[in-house]
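Please consult the structure as you read.

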Amino acid sequence: MSWLEELESKLRQNEEEQSLIYYEGLKHRKLDSEQLEAKATEWREILLDPDLWDRVEGELKSETHPVTHRKLELLRKWIIMTRINYNKELFELRHNIEKKVNTFRPIFKGKELGYAELREILRKDPDRNNRREAHMAVKPLLESIRGEAVESIKLANSLARKEGFTTYADLVLHMEGFTENELLDLFAKLKHYTNPAWQQLIELTRDNITTDIQPYDLTYMVYKLTHPPDHRFPRDKLLDSLKRTLKVFDLDPDTLPVKIEFCDIPYGGVCVVLKHHQDVRLLMNPREGYTYYGILFHEFGHALHSLYSPDSILLRDEGPFSEGMADVWAGLLEERSWLDKFTEMTPSEVEQFLTTRPIDRAYAFRFTIRHFVFELQLYKNPDAKFEAIWDFSFTYPLYIKNYVLSRLIKEVTYKFMREKYGEIVGNPYVVRFLIENYYQPGNLIHWRDKIKSSTRSDPLTTLGDT
Ligand SMILES: [Zn+2]
């Protein structure tokens, strides 16, 4: 075994141990900070060894084997990111925030509610006062994390400055191969292309709800307009629907090492890889409705992607692409043939759903872009008021933009597959395409090049009003 393989196997083991701690923490609603800190210490010891840095810098100059060279390049980035994200103080700050988020219980009409119930009210309650109260119910959480949040941003910035970057955000974008301007340009174009659908949403909200449009009015209106009736997506048919879908793709759900567990987690769903290629868990907290089917298929997309990814931990795909692979599976639920075959929706319900997709898309893009731009600003100006926008993560900074990119990745991929294979639903060639072109190479090639060479389109520049 080469020193690099040995290092990768240590990292893999550490990561799996960290996953187990998270998994237990989610299931029992109590994250074991001590165990987590012990694993973080090990991680630091592995990656922050000064000899390792020298070795990587040295071998990068002479290494001629393309795979090893790529791994060394990625390892160099991992070390830099570890210096920051595993900085003891920052690591603790971020986990304290996460703990507060996970244990916070919003109060609505004098009673404690879960995040899921809160979301239901925001989407479905016709009483505007109730929606406003649900919207305001997270304010106490914001106040309780404000100090640590600002501190974590300032600390991340000062660590990034040591690496030669102006802010932490600059460093993260640079490591991911973006520039801030490129993303802001992309987002401006997306806003332009989705403007007609957006204006339609605004008009409908104005005509049906109020002229004083608030975020909780838009959430409600989008749900009402674009979501199929909840009862067409019953909770007790959720798993069955995934299994039936896999079977038409010639995938056998019983032999895949993916276990789905229902439990009371603060998110709709999450995918945890406990053992690479051998044990993947999907934790779900489902209710009735299309949303939860979407979440399950999304999380399953993560699971399948991880099962076919390379053994090498350094060659694991980056955030935007991983989210794209999840959205490719969730995208099946937007296909007419899937809706016809796998749900009890009537033809007119299917029609209504498909014709309002652009509104859902316009809203989803704007919502995410707004959060991202806000977060970006916050790294430039940490003392700004951040109460206006709350639901982004301090533990996964700037991650939210990946949900815009993932949607674009899904769109260029579907366009390509439709042209090449015709029908997507139930076509085993589609799965083979994904495995061979997207999953198996991992990060051997940057994901943008991987998509370009497989589909001849760049998801960041191929924009149309799909
Ligand atoms: Zn995801």
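Q: Why is the crossing of α6 and α7 in this predicted model called left-handed?
A: A crossing is left-handed if the near helix is turned anticlockwise from the far one by less than a right angle. The crossing of α6 and α7 is assigned to that class, and therefore bears the name.

Q: What makes α6 and α7 a packed pair, and at which angle?
A: Helix α6 (residues 115–124) and helix α7 (residues 128–136) have axes 8 Å apart and pack at about 145°. From α6, L118, I121 and L122 meet N130, R131, A134 and H135 of α7. These residues comprise four nonpolar, two polar and one charged.

Q: How do you know that the span of α1 is close to the expected one?
A: The expected span is 1.5 Å times one less than the number of residues. Helix α1 (residues 3–28) has 26 residues, so 38 Å is expected, and its first and last C-alpha atoms are 38 Å apart. Just after α1, R29 has a positive phi of about 55°.

Q: What makes residues of domain 1 and domain 2 count as in contact, and how many do so?
A: The criterion is C-beta atoms, placed from the backbone, within 7 Å. On the domain 1 side, α1 gives the most, with 11 residues. That side has 17 nonpolar, five polar and 15 charged residues.

Terms used: Residues numbered from 1 in each chain as written. Predicted model: local features only at pLDDT ≥ 70, side-chain atom pairs only at ≥ 80, totals over all residues. Helix = DSSP H or I, 4+ residues; strand = E, 2+ residues; numbered from the N terminus. Axes fitted to C-alpha atoms, helices over the stretch in contact; angles between N-to-C directions. Contact = placed C-beta atoms within 7 Å. Nonpolar A, V, L, I, M, F, W, Y, C, P; charged D, E, K, R; others polar.
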